[in-house]
Amino acid sequence: MSGKTTRKARSLLVAESEAMKEVIEKIETLANSHRPVLIVGEPGAGRELIARVLHASSKNKKGPFVSVNGGSLQGIFSGDTECTALTNLRTAENGTLLIKNLTEMSRSVQRKLLRLLRPADSKGSTKNKGVSSIRFVCS
């Protein structure tokens, strides 16, 4: 693991329990990736804190960290170009978009979001080019 990312994650979280030490290790591993991340935990467990530490430890750390509620993303796929969720998506470019309460989204919207998160195909499709610079973190 590269020293800079490792020190960054460890400097933002203090952990004594083995479970939290494992969380820090996962953050350090994921920080060097651009893959979407799902953070699970009980309300109040610190999911947003973990998302912020992941962002601060990642390649996108100089970009914005945008947090939205999953229920607010419904309008993104309806073609409504004025919807707040679409503005949030554009604002998160070159940064991290945290989608909180993913379960508040309908199954239909969750499927559409999943398609949006898929990486470009081997033929170099640019279908999702607008979101390729955004790190998606869901909780």
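User: How far apart are the closest N and O atoms in the salt bridge of Arg-52 with Glu-48?

Analyst: This is a predicted model, in which local features need pLDDT of at least 70 and side-chain atom pairs count only at pLDDT 80 or more, whereas totals for chains, interfaces and linings use all residues. Residues are numbered from 1 along each chain as its sequence is written, and side-chain values use heavy atoms, with hydrogens and water left out. A salt bridge places a side-chain nitrogen of Lys or Arg within 4 Å of a carboxyl oxygen of Asp or Glu. For Arg-52 and Glu-48, the closest N and O atoms are separated by 3.0 Å.

User: Which helix holds both Arg-52 and Glu-48?

Analyst: Helices (H or I, at least four residues) and strands (E, at least two) are DSSP runs, numbered from the N terminus. Arg-52 and Glu-48 are 4 residues apart, which means a separation of about one helical turn, and both lie in helix α3 (residues 47-56).

User: Which residues are linked with Glu-48 in a network of salt bridges?

Analyst: Lys-100 also forms a salt bridge with Glu-48, at 3.6 Å between the closest N and O atoms. This pair links distant parts of the chain, with Lys-100 in strand β3 (residues 96-100) and Glu-48 in helix α3, 52 residues apart. The residues linked with Glu-48 in the network are Arg-52 and Lys-100.

User: What is the relative accessible area of Glu-18, which meets Lys-21 in a salt bridge?

Analyst: The side chains of Glu-18 and Lys-21 meet at 3.8 Å, N to O. Buried means under 20% relative accessible area, exposed over 50%, and partly exposed in between (1.4 Å probe, protein chains only). Lys-21 is partly exposed at 33%, whereas Glu-18 is exposed at 53%.
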